[in-house]
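Grab a pencil and work through a few exercises on side-chain contacts. Each one has a task, then a solution that goes step by step.

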Amino acid sequence: MGITKFDVLSLGEILLRLSPPQNERIVREDNFEKQVGGAELNVLSGASLLGLRTGIISKIPDNDIGIYARNKIRFVGVSDEYLVYDKMKNGRLGIYYYENGAYPRKPRIVYDRMHTSMLKISTEEFGDEIYSSARCFHTTGITLALCENTRKTAVNMMKKFKEAGALISFDVNYRSNLWSGPEARTAIEEILSYVDIFFCSEDTARLTFKKTGDIKTIMRELADEYSIHVVASTQRVVHSPRLHTFGSIIYDKLNDAYLEEPPYVNIEVIDRIGSGDAYISGVLYGLLSNDGSCRKALEFGNAAGAVKNTIPGDMQASSCEEIETVIKAHQNTGADAEMVR
């Protein structure tokens, strides 16, 4: 594959997030802070800030809310070249309401994402040149689950990007409010033969793919069954809504090797939304910037995921330099500075 315009292109829905300030409740707060997010966009924002050339493939309404979303996309360095606009008067951006938790009260989410502009997206809206413009194409199970049309579009794009020589990255990102475990398995098994980099949690592997045994056995089985090059699984321990431990395991099929490191412990969680996506951005950066190094993928993935927990909003806000500093501090067994100054 020759020189490409993008390192990563991703297909996914862009969402408007509305949250009551601080620890307020959705049911009683009158004011909401608005932000933009979405699983695939979150991945791209993190990868862009780390230094990769990224672009979002999506459809948004051609109105002020859509323009707000577009401006936020541009702000984090993600290209909107393949962002298409819904000219219909009933075009809309999906919305979700997020309420922070504090022990023993858990975080809560309310979705309002039916009949959105994204559900009308089609491969016919993009020229064939898009498929040779990226080193890697990423999407998630959320896009497959939204509706039959988004699933068809995602599968077609996976096939065409694969044929053009791109790596295919896929995150199961199972959402029980969108589909059942058996429905997810049927759809995802149809596309796994195209996937090179696969993200799946242990719980999801057991629920969706009915896997048994320990996580390492599950990861190797998935890699062997579908000829997947890299399988990654995050390991999160929720001590309370505001205190987490975060790490991961990566299985490198080519070398039949498992990559691990000590997890990030006692993370002070400000906002956990998007931390799994930030992890993926770090993994993709590690692989694409270091000749496919799973060791670098592990280090950047864990650091990016851990740091995102400390940042409000869906999208990452950390430079490569900051993440490298976090990695160095994590690996340092001696004294560590209390402040960066």
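## Side-chain contacts, worked through

At 2% relative accessibility, tyrosine 251 counts as buried, because buried means under 20% relative accessible area, with exposed over 50% and partly exposed in between (1.4 Å probe, protein chains only). Before you start: this is a predicted model, where local features need pLDDT of at least 70, side-chain atom pairs count only at pLDDT 80 or more, and totals for chains, interfaces and linings use all residues. Residues are numbered from 1 along each chain as its sequence is written, and side-chain values use heavy atoms, with hydrogens and water left out.

**Exercise 1. Classify the aromatic pair of phenylalanine 199 and tyrosine 279.**

Step 1: Rings of Phe, Tyr and Trp (its six-membered ring) pair if their centres lie within 6.5 Å; planes under 30 degrees apart are stacked, over 60 edge-to-face, and the rest tilted. The structure holds 12 aromatic pairs by that rule.

Step 2: apply it. Phenylalanine 199 and tyrosine 279 are 6.3 Å apart, centre to centre, with 90° between the planes, and that makes the pair edge-to-face.

Step 3: Phenylalanine 199 belongs to strand E10 (residues 197-199) and tyrosine 279 to helix H8 (residues 275-289), so to speak two distant parts of the chain, 80 residues apart. Helices (H or I, at least four residues) and strands (E, at least two) are DSSP runs, numbered from the N terminus. Both phenylalanine 199 and tyrosine 279 are buried.

**Exercise 2. Work out why the pair of tyrosine 251 and tyrosine 258 is tilted.**

Step 1: look at the geometry. The ring centres of tyrosine 251 and tyrosine 258 are 4.8 Å apart and the planes sit at 40°, so the pair is tilted.

Step 2: check accessibility. Tyrosine 251 is buried at 2%, whereas tyrosine 258 is partly exposed, at 23% relative accessible area.

Step 3: see what else tyrosine 258 meets. Lysine 216 lies over the face of tyrosine 258, 5.3 Å from the ring centre. To count, NZ of Lys or CZ of Arg must be within 6 Å of the ring centre and within 35 degrees of the ring normal. Lysine 34 has its charged end over the ring of tyrosine 68, at 4.5 Å from the centre.

**Exercise 3. Find the salt-bridge partner of lysine 216 and say where both residues lie.**

Step 1: recall the cut-off. A salt bridge needs a side-chain nitrogen of Lys or Arg within 4 Å of a carboxyl oxygen of Asp or Glu. The count comes to 23 salt bridges.

Step 2: name the partner. Lysine 216 meets glutamate 260 in a salt bridge, 2.7 Å from N to O.

Step 3: locate them. Lysine 216 is in helix H7 and glutamate 260 is in the loop between strand E13 (257-259) and E14, so the pair ties together parts that are 44 residues apart in sequence. Glutamate 260 is partly exposed at 39%, and lysine 216 is partly exposed at 30%.

**Exercise 4. Are arginine 17 and aspartate 271 buried or exposed, and how many residues apart in sequence are the parts that they tie together?**

Step 1: the contact. The closest N and O atoms of arginine 17 and aspartate 271 are 2.6 Å apart, in a salt bridge.

Step 2: the location. Arginine 17 sits in strand E2 (residues 15-19) and aspartate 271 in the loop between strand E14 (264-268) and H8, so this pair ties together parts 254 residues apart in sequence.

Step 3: the accessibility. Arginine 17 and aspartate 271 are both buried.

**Exercise 5. Describe the surroundings of serine 169.**

Step 1: Serine 169 is in strand E9 (residues 167-171) and is buried, at 0% relative accessibility.

Step 2: list the neighbours. Leaving aside residues within four places in sequence, serine 169 is in contact (heavy atoms within 4.5 Å) with residues including Cys136, Ile197, Phe199 and Leu284.
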